[in-house]
Amino acid sequence: MALDPYTYLTLSMRPGEPSRVGVSFHTVELRAHSCVGENGKPYFDLSTSEATVTVSTAGPVTDQDLTIARDLFNAAARYLADCERLHSAAKNEAA
């Protein structure tokens, strides 16, 4: 069963705890973009027509920023591998 594309946003606020925002994209309309801004900071965006999530450094690139960028890269590679595997399996079942 396929659902219509959607973006899901949650905001959790509890006294004495940090606020938490969650954004879930469930759409083929998702766009990924990266650049280095005029301020010299790298940016990575995931966006749809409803929402955008931007990841950037707080200042000059640090060792921790490199770790985060590698984690993003590795997670995207796993996502790609899972999508390719599931797509291939669905095509084989349909054949």
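Colleague: What does the side chain of Thr57 reach at 2.7 Å?

Modeller: The backbone oxygen of Gly59. Keep in mind that this is a predicted model.

Colleague: Where is Thr57 found?

Modeller: Thr57 sits in the loop between strand 5 (52–56) and helix 1 (63–94).

Colleague: Is Thr57 buried or exposed?

Modeller: Buried, because its relative accessible area is 8%, and the cut-off for buried is under 20%.

Colleague: And which residues does Thr57 touch, not counting those up to four places away in sequence?

Modeller: Lys41, Pro42 and Asp65.

Colleague: OK, zooming out. How much of the protein is buried?

Modeller: Buried residues are 5% of the 95. Thr57 belongs to the buried class, with its 8% relative accessible area.

Colleague: How does the radius of gyration of the protein sit against a compact globule of 95 residues?

Modeller: The protein has 17 Å, whereas a compact globule of that length would be near 12 Å. Along the principal axes, the C-alpha atoms fill a box of roughly 50 × 35 × 25 Å.

Colleague: Contacts next. Of those between residues at least 6 apart in sequence, how many join residues at least 24 apart?

Modeller: 10% of them.

Colleague: Last one, charges. How far apart are the mean positions of the positive and negative ones?

Modeller: 4 Å, taking 8 positive and 12 negative charges.

Note on methods:
Residues are numbered from 1 along each chain as its sequence is written. This is a predicted model: local features need pLDDT of at least 70, side-chain atom pairs count only at pLDDT 80 or more; totals for chains, interfaces and linings use all residues. Side-chain values use heavy atoms; hydrogens and water are left out. The radius of gyration is taken over C-alpha atoms; the globule rule is 2.2 Å times the number of residues to the power 0.38. Buried means under 20% relative accessible area, exposed over 50%, partly exposed in between (1.4 Å probe, protein chains only). Contact means heavy atoms within 4.5 Å. Lys and Arg count as positive and Asp and Glu as negative; His and the chain ends are not counted. The place of a charge is taken as NZ of Lys, CZ of Arg, CG of Asp or CD of Glu. Helices (H or I, at least four residues) and strands (E, at least two) are DSSP runs, numbered from the N terminus. A polar contact is a pair of N or O atoms within 3.5 Å; within protein, one must be able to donate a hydrogen and the other to accept it, and residues adjacent in sequence count only if both atoms are side-chain atoms.
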